[in-house]
Amino acid sequence: MSQTIIDKITEQQSNLPGREGFLAEFTDRSMAEFRRLGIPAVKHEEWRYTRVSGLFRLEMGFGTGTSVTAADIDAHRLPDHEEATELVFIDGRFAPALSNIRHNEKELVVMPLSDAATGEHADKIRAHLGHSAAYHPDGIQALNAAFAGIGLFVMVRKGFATEKPIYIYCIADSRTGYVFAQPRTLFLVEAATQVMVAEHYVTLGSGESFTNEVFELCAEQDAVVEYVKIQDEGPMASHVGTTHVRQTGRCLTNAVTISLSGRMVRNNLNMVMEVEHGESHMHGLSLLNGETLVDNHTIVDNMQPHCQSNELYKAVLDEASTGVFNGKIFVRKDAQKTNAYQSNKNILIGEKASANTKPQLEIFADDVKCSHGCTVGRLDEEAMFYLRARGLGEASARALLLHAFAADILDRIGHEPLRRYVDRLVSQRLAYDIHNGQ
Amino acid sequence: MLNIQDLRAGIEEMEILRGIILQIRPGEVHAIMGPNGSGKSTLASVLAGRSDFEVTGGSVEFMGKNLLEMSPEDRAREGLFLAFQYPVEIPGVSTTNFIKTAVNEVRKHRGEEPLDAVAFLKLMKERMKLVQIDQSLLSRSLNEGFSGGEKKRNEIFQMAMLEPKLAILDETDSGLDIDALRIVANGVNQCRGKDNAFLIVTHYQRLLEYIEPDYVHILYKGRIVRSGTKELALELEEKGYDFIKTELETADQAQQ
């Protein structure tokens, strides 16, 4: 990376909001880290498949955050959005004017991170912001942190349970050039709450974009959190996203990660289980074609006894696409009676498609149950023949089997309208692929 | 309806079917019996279009068309049905959704409108009764976790839904207890008509007590070595397959 690009990023960073108090200190410290660490190169084991260094080019812009109207967003709104709280990022900047807060203030706090850092929630920001850095000590994470001044703070207040979802749209506007977006969210879920939050990543225009995102969530005692990430960006989009979930009380967290498109997508998902008897579920589905690469890196950190985690990631890889899965499970010395399951299943459709899968278990306790498994294969020939022998054409038989393969991930989206929405995206994609194949 | 002439097929270098000759007319029920490895299931698979087998000679005409040139789905759409010996489990697909897709694919092929939800449900309810299959079973993933008997009943249910002209039952009786066997046979009997035909592949005479065949053929080493009426099945049951083997070996020796 050239000095010119670093200078350009530095200049941009120094003009962002949040230039006082803790946030200024945090972002400046992160900027210094970014300068020290640089961009992870391919020789970095964690970044073997995801080549990000080529994304840092002089023509990258940071957007103005003002180029997008509510009408531009309409095509990307999630189901029943009229009932939901909709929070919008444009080119990585939280955009209050485009957001719709449909929960009341007693239930939900929403504000720019820069305001939260100086107001009544300052101590919370100080306590939680940047917790993910320890799990990903690299320049890309540091760079996002350096831009936290344009980020978002959300807090679900104690005792509040609702069916109304919270939708976060992360929109990169590529219509006027290569855009670099760095959304950052700190999402606190107080005790005895139930919440459903979905992030939707999309691109406006068909130009190049690079989104480098960090979403930190902290769930307290007796919280039930459902998190869904839908990555459906343009064909020239690159994406590095980190979802960092902490359980600071005994609670239940479900995460579903759906990756549908883009040029290169890296999803990091961390589940940090800090308290006994925590439960977490992590599910992922990648549906890829062209030369798309999707790299899912997950971490489950079992710090205390009796925690349970369950992880299943699936990928359908068509054409020359590449799927990567790296699943780390840490069981610390005190975390006896941990139950941790991990599974990764891949179906290769394309002749040039490939899957790379790597479980990584580090267990320091002696009374635990941990298992992992992975499969890479073609579509089941016998099942294909069975369906065709009943009159289904080759293309519909294939779509049916692939949809069935995806179904147990889709079923993990508890919010029904959203599940149907994602199901429709998946069905459309399978039909599209079939059309291509014919 | 079906005219098989000198059909030869095999896997790689091994020839399994070595000149099958068989004609089936509408309304007939044929049974093919034979010891293990005689080629019974291969015949069923080749007729249904399983690509594992290579046809090396002969011809098969079905409803006046060259069957061997058709894809498996076109065979099904033309009215051929194979009840699998080992029905495949498909997680994530309910039998109801699957059979609806299949029924409508067949209808489309015939130039008919797809069945609407009400008509489909009505047809389904009616056909479910034939094999005493339960709605809850059909809402579950196709064959997943079904018992052997449930899977076979599901096959016959699907057959009843698709109304094929020729149904091939590949060892549908294997692994069935007597009650399941009776239910399955009863379902088949109710589907019998003057316009459709059955080819029942079985190792044992047992099933034929419930589904009375018009013709019985004995397959041995890839050829039909004897054909007769249902009495042939009884003779086979009484004397076992060894009598065929001995008879044929004696004949072979006499030739030499």
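This is a predicted model: local features need pLDDT of at least 70, side-chain atom pairs count only at pLDDT 80 or more; totals for chains, interfaces and linings use all residues.

Colleague: How do you know how many disulfides the structure holds?

Modeller: A disulfide requires two cysteine sulfur atoms within 2.5 Å. The count over all chains is zero. For A:C370, the nearest cysteine sulfur belongs to A:C307 and lies 12 Å away, and A:C370 is in no disulfide. The sulfur of A:C374 has its closest cysteine sulfur in A:C370, at 16 Å, which is too far for a bond.

Colleague: Why is A:C370 called partly exposed?

Modeller: The class covers residues between the buried limit, under 20% relative accessible area, and the exposed limit, over 50%. A:C370 has 24%, so A:C370 is partly exposed. A:C374 has 41% relative accessibility and therefore also counts as partly exposed.

Colleague: What makes strand β1 of chain A mostly covered?

Modeller: Six of the six residues in β1(A), which spans 85–90, are buried; buried here means under 20% relative accessible area. In a regular strand, side chains alternate between the two faces of the sheet. On one side of β1(A) stand A:T85, A:L87 and A:F89, and on the other A:E86, A:V88 and A:I90; all are buried, and both faces are covered.

Colleague: Why is helix α7 of chain A described as largely enclosed by the rest of the structure?

Modeller: Six of the eight residues of α7(A), 381–388, are buried, so the helix is largely enclosed. The buried residues are A:A383, A:M384, A:F385, A:Y386, A:L387 and A:R388. At the start of α7(A), a side-chain oxygen of A:D380 comes to within 3.0 Å of the backbone nitrogen of A:E382, against a polar-contact limit of 3.5 Å.

Colleague: Why do β2 and β5 of chain B count as edge strands?

Modeller: The open sheet has four strands in the order β2-β1-β4-β5 (chain B), paired antiparallel. β2(B), 14–24, and β5(B), 65–66, each have a single partner strand, so one side of each is left without a neighbour in the sheet. β4(B), residues 54–62, pairs with β5(B) over two bridges, and B:E61 stands opposite B:N66.

Colleague: Which residues and strands surround the largest cavity?

Modeller: A search of the whole structure finds five cavities of 30 Å³ or more, and the largest has a volume of about 70 Å³. Of its 13 lining residues, A:A315, A:V324, A:F325, A:N344 and A:N346 are the closest to its centre. In chain A, β15, β16, β17, β18 and β19 each supply at least two lining residues. By class, the lining has six nonpolar, six polar and one charged residues.

Definitions and conventions:
Residues are numbered from 1 along each chain as its sequence is written. Chains are lettered from A and ligands numbered from 1 in the order in which they are written. Side-chain values use heavy atoms; hydrogens and water are left out. On a 1 Å grid over the protein atoms alone, a cavity is a set of points where a 1.4 Å probe fits but cannot get out, and a pocket is an open set with protein on both sides within 12 Å along at least five of seven lines; lining residues have an atom within 4 Å of a point. Grid points are joined across faces, edges and corners, and a volume is the space filled by probe spheres set on the points. Ala, Val, Leu, Ile, Met, Phe, Trp, Tyr, Cys and Pro count as nonpolar, Asp, Glu, Lys and Arg as charged, and the others, Gly among them, as polar. Buried means under 20% relative accessible area, exposed over 50%, partly exposed in between (1.4 Å probe, protein chains only). A polar contact is a pair of N or O atoms within 3.5 Å; within protein, one must be able to donate a hydrogen and the other to accept it, and residues adjacent in sequence count only if both atoms are side-chain atoms. Two strands pair if DSSP finds at least two bridges between them.
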